[in-house]
Amino acid sequence: MSSEQAISIGIDSKRRADHGAVGPVSMPVDELLTGNGLVTGQSGADPAETARLIAEGLLDVDETVLLVDPAGAFDALTDHAAVLHVGGDRNCDVEVRPDAVDRVASLAINGDTSILLDLAAFDASAADDVLGGLTDALVDEHRDRDSNLLVIANECERWLSANGP
């Protein structure tokens with residue numbers, strides 16, 4: 001990865017007109033992978049689409065991305081050759097149980113494998129267990145390796161406490 005490499009994301013002209021956006025936007029890959037970010041927006045502005053476009057741009061330049069999707073917003077990425085679709089049912093490339101998410105973290109960090117973690121097949125309690133276990137495993141794996149991994153979580157407010165962290 002070049003320190004000057006950038007991805008360009010844009011939105012279609014109708015959406016640009018509807019929301020006053022000026023598109024396309026160039027985003028430095030290094031800053032996406034090493035910084036913190038938040039994509040947010042009101043209903044209709046489709047922040048999940050913006051996050052998906054960022055993920056697609058990174059995949060197109062061979063960067064590793066871990067996507068967490070509770071509701072199918074990133075389903076289109078399952079067709080991307082570089083993405084392993086992991087989840088709780090047989091529609092996924094790999095089925096995973098809540099007690100085996102350490103393997104998902106290891107693949108993402110050590111295997112340089114982009115993963116779409118599909119939480120739709122899990123009930124709320126199991127999805128919480130999967131996400132909690134994945135977070136712990138990512139922290140453990142990251143301690144042992146100096147690498148960057150962008151994690152994109154759709155609808156993350158579901159896991160945020162109303163009283164803050």
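Which residue in β6 is the bridge partner of L66? I opened the predicted model with this question, and I found that L66 is paired with I115.

**Entry 1: strand β6 and its partners**

I next looked up the strands beside β6. Strands β3 and β6 run parallel and are joined by four bridges. Strand β4 also runs parallel to β6, and five bridges join these two. Within β6, I noted that S114 has V83 opposite.

I then checked the burial of β6. Five of its five residues are buried, so the strand is largely enclosed by the rest of the structure. I recorded the directions as well: S114, L116 and D118 point one way, whereas I115 and L117 point the other way. In a regular strand, side chains alternate between the two faces of the sheet.

**Entry 2: the largest nonpolar core**

I turned to the largest nonpolar core, which has 23 residues. Among these, V96 and L134 touch the most other members. I listed the elements that give two or more residues to this core: β3 (65-69), β4 (83-87), α4 (101-110), β6 (114-118) and α5 (124-143). The most comes from α5, with seven residues.

Apart from neighbours within four places in sequence, L134 is in contact with L66, V68, V101, V104, A105 and L117.

I also noted a second, separate core of 20 residues. Its members include L58, L59, L77 and V83.

**Entry 3: helix α4**

Which residues of α4 are buried? I found V101, V104, A105, A108 and I109 to be buried in this helix. They cover an arc of only 115 degrees around the axis, and therefore lie on the same side of α4. I looked up what covers them, and the elements include β3, β4, β6 and α5. Just after α4, I recorded that D112 takes a positive phi of about 50 degrees.

**Entry 4: R52**

Is R52 buried or exposed? I located R52 in helix α3, which spans residues 47-60. Its relative accessible area is 12%. Because the limit for a buried residue is under 20%, R52 counts as buried. I then looked up its contacts, leaving aside neighbours within four places in sequence, and found A73, F74, A76 and L77. Of these contacts of R52, L77 is also listed in the second core.

Note on methods. Residues are numbered from 1 along each chain as its sequence is written. This is a predicted model: local features need pLDDT of at least 70, side-chain atom pairs count only at pLDDT 80 or more; totals for chains, interfaces and linings use all residues. Side-chain values use heavy atoms; hydrogens and water are left out. Buried means under 20% relative accessible area, exposed over 50%, partly exposed in between (1.4 Å probe, protein chains only). Contact means heavy atoms within 4.5 Å. A nonpolar core is a set of buried Ala, Val, Leu, Ile, Met, Phe, Trp, Tyr and Cys residues joined through side-chain atoms within 4.5 Å. Two strands pair if DSSP finds at least two bridges between them. The arc is that of the directions from the helix axis to the C-beta atoms.
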